[in-house]
Amino acid sequence: MLTPVVTMERKLRVGVIFGGRSGEHEISLLSARSIVDALDRERYEPVLLGIDRAGRWHLHDAAQALLATPGAPLHLDPTAPPVVVSPGGEGSSLVTTQDAAPAVGSLDVVFPVLHGTYGEDGTIQGLLEMAGVPYVGSGVLGSAAGMDKDVAKRLLRSAGLPVVEGFVVRAHQGRSADEVAREVESRFGWPVFVKPANMGSSVGVSKARKADELAAALANAFRYDTKVLIERGHAVRELECAVLGNDAPRASVVGEIVPTHEFYSYTAKYLDEGGAHLRIPAILTPGQSEEIRRMSVEAFAALELSGLARVDFFMDKIAGSLFINEVNTLPGFTSISMYPKLWEAAGVPYAALVDKLIGLALERAAQRRGLSTSFAP
Ligand SMILES: Nc1ncnc2c1ncn2[C@@H]1O[C@H](COP(=O)(O)OP(=O)(O)O)[C@@H](O)[C@H]1O
Ligand SMILES: [Mg+2]
């Protein structure tokens with residue numbers, strides 16, 4: 001008689017990196033909590049790596065970090081053992097720096113749940129490439145291109161996609177606010193939006209309604225970057241579409257953010273609970289939502305993205321014209337965030353989405369593993 005074969009598949013070790021040196025540190029703790037809660041423990045073993053505000057990495061005990069009330073942000077413990085990523089490439093291994101502490105061992109895949117600088121901008125992706133660990137989301141190039149609003153707009157424009165009119169001012173040019181105001185007036189007039197090229201969460205973004213508001217707006221934006229965008233200010237509806245996939249990505253239904261403030265500011269995003277409402281699906285004609293979905297997939301390809309992205313649009317309230325505002329390569333991922341909510345509305349529940357993203361990360365890593373890294377004639 002044949003004995004039944006019992007295959008004991010090893011659980012995938014999923015590194016979840018959270019926190020980080022970013023203005024979006026808190027959102028990351030919330031997003032990471034939702035992701036860790038959603039990981040099926042039959043198949044995945046979460047390994048929690050928290051980055052404190054000073055940029056130090058700490059290995060967290062999963063059981064302990066999850067002790068807090070369900071839905072509460074992950075607790076980042078700065079006294080947890082320090083850990084470093086070893087750029088050896090071979091073993092995908094992480095090592096603790098304390099002699100007594102056990103090595104973390106290898107990770108099969110990493111979910112970098114970091115928004116903004118040092119997370120969404122290609123830096124952590126580069127580190128993970130060096131360490132040879134597959135990771136969720138876009139690679140170095142796509143992450144960096146998506147993070148820089150000026151570079152992203154150039155790539156989108158060259159792909160024939162509509163972006164808001166604007167120009168760039170650099171710190172080294174030392175231009176006066178008056179001189180910049182004259183350029184605004186000769187190009188498109190008031191109001192304008194002034195924003196740092198590399199930021200997120202509306203940090204450093206302000207609206208200048210007239211010339212004498214420009215100096216303060218510029219000073220605010222230059223606190224965060226040496227490159228600042230000045231854009232024509234439209235009266236807009238804000239529409240967002242989620243993209244998922246690698247080589248043949250799919251677009252979700254379209255959602256709308258309805259801010260109750262003058263614009264979708266930091267306060268409206270995070271401080272005021274009633275600061276904005278999500279409307280899923282957005283009220284649009286079938287033609288409009290089809291166009292947004294098509295442009296979202298085109299933007300994903302134009303920026304060389306993989307895994308996931310949320311593509312944010314403006315629709316001019318008067319003219320009805322559409323523009324791509326920006327592309328977020330690691331969008332907010334709490335259970336009530338727009339990205340997962342859009343997929344839920346498209347029939348992909350949160351846990352299945354996390355599964356799918358891990359699968360896409362492994363697929364991309366496998367494709368690249370087959371490539372030669374040297375030339376052998
Ligand atoms: N050109 C613009 N016209 C109208 N509103 C804008 C414009 N640029 C930005 N905004 C408003 O400011 C918000 C934040 O700007 P955004 O470029 O999306 O920066 P962030 O990356 O910080 O989200 C937008 O969601 C929108 O409400
Ligand atoms: Mg935005």
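The legends below walk through several close-up views of a predicted model.

As a guide to names, residues are numbered from 1 along each chain as its sequence is written, while chains are lettered from A and ligands numbered from 1 in the order in which they are written. Because this is a predicted model, local features need pLDDT of at least 70 and side-chain atom pairs count only at pLDDT 80 or more, whereas totals for chains, interfaces and linings use all residues.

**View 1**
Where the two meet, 10 residues of domain 2 are in contact with 10 residues of domain 3 (contact: C-beta atoms, placed from the backbone, within 7 Å). On the domain 2 side, helix 5 (149-158) and helix 8 (266-271) each supply at least two of the residues that touch domain 3. Helices here are DSSP runs of H or I with at least four residues, strands are runs of E with at least two, and they are numbered from the N terminus. That side of domain 2 divides into four nonpolar, one polar and five charged residues. For these classes, Ala, Val, Leu, Ile, Met, Phe, Trp, Tyr, Cys and Pro count as nonpolar, Asp, Glu, Lys and Arg as charged, and the others, Gly among them, as polar.

**View 1. The surroundings of ligand 1.**
Take a look at the 18 residues that surround ligand 1, of which the closest are Phe193, Ser202, Glu231, Phe263 and Tyr264; a residue counts as near when its C-beta atom, placed from the backbone, lies within 6 Å of the molecule. Strand 9, strand 11, strand 12 and strand 16 (322-328) are the elements that give two or more residues to this shell. Domain 2 and domain 3 each provide at least three of its residues. By class, the shell has seven nonpolar, six polar and five charged residues.

Five of the five residues of strand 9 (residues 192-196) are buried, so the strand is largely enclosed by the rest of the structure. A residue is buried if 20 or more other C-beta atoms lie within 10 Å of its own, exposed if 12 or fewer, and partly exposed in between, with C-beta atoms placed from the backbone. Val192, Val194 and Pro196 point one way, and Phe193 and Lys195 the other way. Strand 9 pairs in the antiparallel sense with strand 10 (residues 206-208) over three bridges, and Val192 stands opposite Ala208 there. Strand 9 also pairs in the antiparallel sense with strand 11 (residues 227-232), over five bridges, where the bridge partner of Val192 is Arg232. Two strands pair if DSSP finds at least two bridges between them.

**View 2. Arg182 in helix 6.**
Arg182 lies in helix 6 (residues 177-187). With 12 C-beta neighbours inside 10 Å, Arg182 counts as exposed. Its C-alpha atom is separated by 8.4 Å from that of Ala211, 29 residues apart along the chain.

**View 3. The sheet of strands 3-2-1-7.**
Four strands form this open sheet in the order 3-2-1-7, with mixed pairing. Strand 3 (57-60) and strand 7 (109-112) are the edge strands, each pairing on one side only. From one strand to the next, the twist averages 25°. Strand 2 (residues 44-51) and strand 3 pair in the antiparallel sense over four bridges, with Leu49 opposite Leu59 in strand 3. Helix 1 (residues 25-38) packs on the sheet, touching strand 1 (12-19), strand 2 and strand 7, and its direction makes about 155° with that of strand 1. Axes are lines fitted to C-alpha atoms, for helices over the stretch in contact, and angles run from 0 to 180 degrees between N-to-C directions.

Five strands form an open antiparallel sheet in the order 14-13-12-15-16. Strand 14 and strand 16 stand at the edges with a single partner strand each, so one side of each is left without a neighbour in the sheet. Within the sheet, 10 bridges join strand 12 to strand 15, and Val243 stands opposite Ala309 in strand 15. Six of the eight residues of helix 10 (residues 338-345) are buried, so this helix is largely enclosed by the rest of the structure. Its buried residues, Trp343 among them, pack against strand 12 (236-245), strand 13 (250-259), strand 14 (276-279), strand 15 (307-316) and helix 11 (350-369). Just after helix 10, Gly347 takes a positive phi of about 95°.

Methods
Domains from an automatic or database assignment.
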